[in-house]
Amino acid sequence: MTDIDTDDFDANDDLAERMSTLDEDLAVQRAHSLRAGLADYELEDDDFDVLDAVTEDPNAITYLPALPVVAIVGRPNVGKSALVNRILGRREAVVEDTPGVTRDRVSYKGEWNDRRFTLVDTGGWEPDAKGIDASVAAQAEVAIDLSDVVLFVVDSRVGATSTDEQVVRMLRKSGKPVFLLANKVDDARQEPEAAALWSLGLGEPYPVSALHGRGVADMLDAVLKKLPLISAVAKEEVGGPRRVAILGRPNVGKSSLLNKSAGEERVVVNELAGTTRDPVDEQVELGGKIWRFVDTAGIRRRVHLSQGADFYASLRTSTALEKAEVAIVVIDVSEKISEQDVRIIDLVLESGRALVLAFNKWDLLDDDRRRYLEREIEQDLAHVAWAPRVNISARTGRHLEKLVPALELALESWDTRIATGKFNAFLAELTAAHPHPVRGGKQPRILFGTQVSSRPPTFVLFTTGFLDPGYRRYIQRRLREIYGFAGTPIFVNMRVREKRAR
């Protein structure tokens, strides 16, 4: 099925004007009758949770709490990545026979029995032959610090090693709930090998086969009983200074930006990429307001490791995003926009945080580079054209004050809520002007829509059929044109529901 092209839908209509002169009382009445009309459709239990949260109060800021974090730790090549893929039900983590295959991603969104959680895979590092024990220990330390529950994976065929015992000592000290998984138990004959792991002193081992899925469901059922509903580690904080994460690939000027903002040498700035290791939580006054620049290190203790820098960078990014409300992604304009820059931006979008793009080292630009840069922005950053852009020099402090209105705009958009009556009036106008194309003899209709949360703005549409991705993008585009939403991702989710049988 080809995706519909909505670019030729006329955006220069008078929708904005009609929305500005809307009779709000009438819009509320219409939304009520649309809501009542859903009684004719087969609704599911969680649909009623959505509908109960319907509000006309544009100031009712709601957001989804931080998901609990499950970390998977263990020696190289015990099957951590295969287990990640098995739990996710899709092939996400790279699985190879080479121990310590590095990856860009370390955290994933998982779901089991309608419970959602963040899964941290600690496989993405390269231990050196001499320091393998230290590397595994440091790796586990980071993951344990940042998790609510730990899954400790041991290869049942190899049995417990001295490295495993070192990790166990750390796990005991942490006080976190730990599940000992004896992996590679592919059938009942191998279960005695798993039983031998009682010797580690972590209680009963769970015999599992990440490759075949054996025992994984029972293990996950047990994990859910210990997993908090809201993360105790990355819990949302309400009130206080707004929380900002400074992100970017190594050496783009993140530390210089923080030092200039704080007015002191708070972070070691080194030409070596990836030198930031210590946590950096800093209250900073910028533009007459106090901001909290959150921990972009995500590691509580200094870790002396030349290996595994990619893992730490990635985990730092994920952790900073969990704690932040808005991310400043720093891009070095003296170099070509890279795939890594785009990946970091995509992580921000996936996390649902507000976004500001800071183009650093602007003072080094000549006319030629500026022309190329504009072309790169057009090509590589078109999907975040809505993000405020600020051209700065972190080294000299030039234009740093312009970050403040950009941050305020992005956060205001992130907090925005559209009243249900107004949103349904917007949908009615939109679909009347440009109905969804007929597919297979049927034309999907939008029955009712509501914004289920702000931070980030998330909308749910109850529909009679699947809406093409292009049509959903069209709805998002028009939402931005009418209501702004500069600096925040917006999500439009569908619930396709059928009419009740009479």
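Trainee: Is Asn183 buried or exposed?

Mentor: Accessibility tells us: under 20% relative accessible area is buried, over 50% exposed, and in between partly exposed (1.4 Å probe, protein chains only). Asn183 has 3% relative accessibility, so it counts as buried. Do keep in mind that this is a predicted model, where local features need pLDDT of at least 70, side-chain atom pairs count only at pLDDT 80 or more, and totals for chains, interfaces and linings use all residues. Residues are numbered from 1 along each chain as its sequence is written, and side-chain values use heavy atoms, with hydrogens and water left out.

Trainee: Where does Asn183 lie, and which residues does Asn183 touch?

Mentor: Helices (H or I, at least four residues) and strands (E, at least two) are DSSP runs, numbered from the N terminus. Asn183 belongs to strand S5, residues 178–183. Contact means heavy atoms within 4.5 Å. Not counting residues up to four places away in sequence, Asn183 touches residues including Val78, Val153, Asp155 and Ser209.

Trainee: What joins the side chains of Arg18 and Glu429?

Mentor: A polar contact of 2.7 Å. That term is for a pair of N or O atoms within 3.5 Å; within protein, one must be able to donate a hydrogen and the other to accept it, and residues adjacent in sequence count only if both atoms are side-chain atoms. Arg18 and Glu429 are 411 residues apart along the chain, with C-alpha atoms separated by 8.7 Å. Arg18 sits in helix H1 (residues 15–20) and, at 27% relative accessibility, counts as partly exposed.

Trainee: How many residues has the largest nonpolar core?

Mentor: In soluble globular proteins, nonpolar side chains tend to be buried together. A core here is a set of buried Ala, Val, Leu, Ile, Met, Phe, Trp, Tyr and Cys residues joined through side-chain atoms within 4.5 Å. The largest has 28 residues, and Leu247, Val329 and Leu355 are among those with the most contacts inside it. Elements that each supply at least two residues of this core include strand S7 (242–247) and helix H11 (339–351). H11 gives the largest share, six residues. Another core, of 26 residues, lies apart from it, with Val244 and Trp414 among its members.

Trainee: At what angle do the axes of helix H2 and helix H14 cross?

Mentor: Axes are lines fitted to C-alpha atoms, for helices over the stretch in contact, and angles run from 0 to 180 degrees between N-to-C directions. The axes of H2 (residues 24–37) and H14 (residues 420–433) come within 8 Å and cross at roughly 80°. That makes H2 roughly perpendicular to H14, a term for angles of 65 to 115 degrees. Residues making the contact include Glu24 and Leu34 of H2 and Thr420 and Lys422 of H14.

Notes: Parallel < 35°, antiparallel > 145°, perpendicular 65-115°, else oblique.
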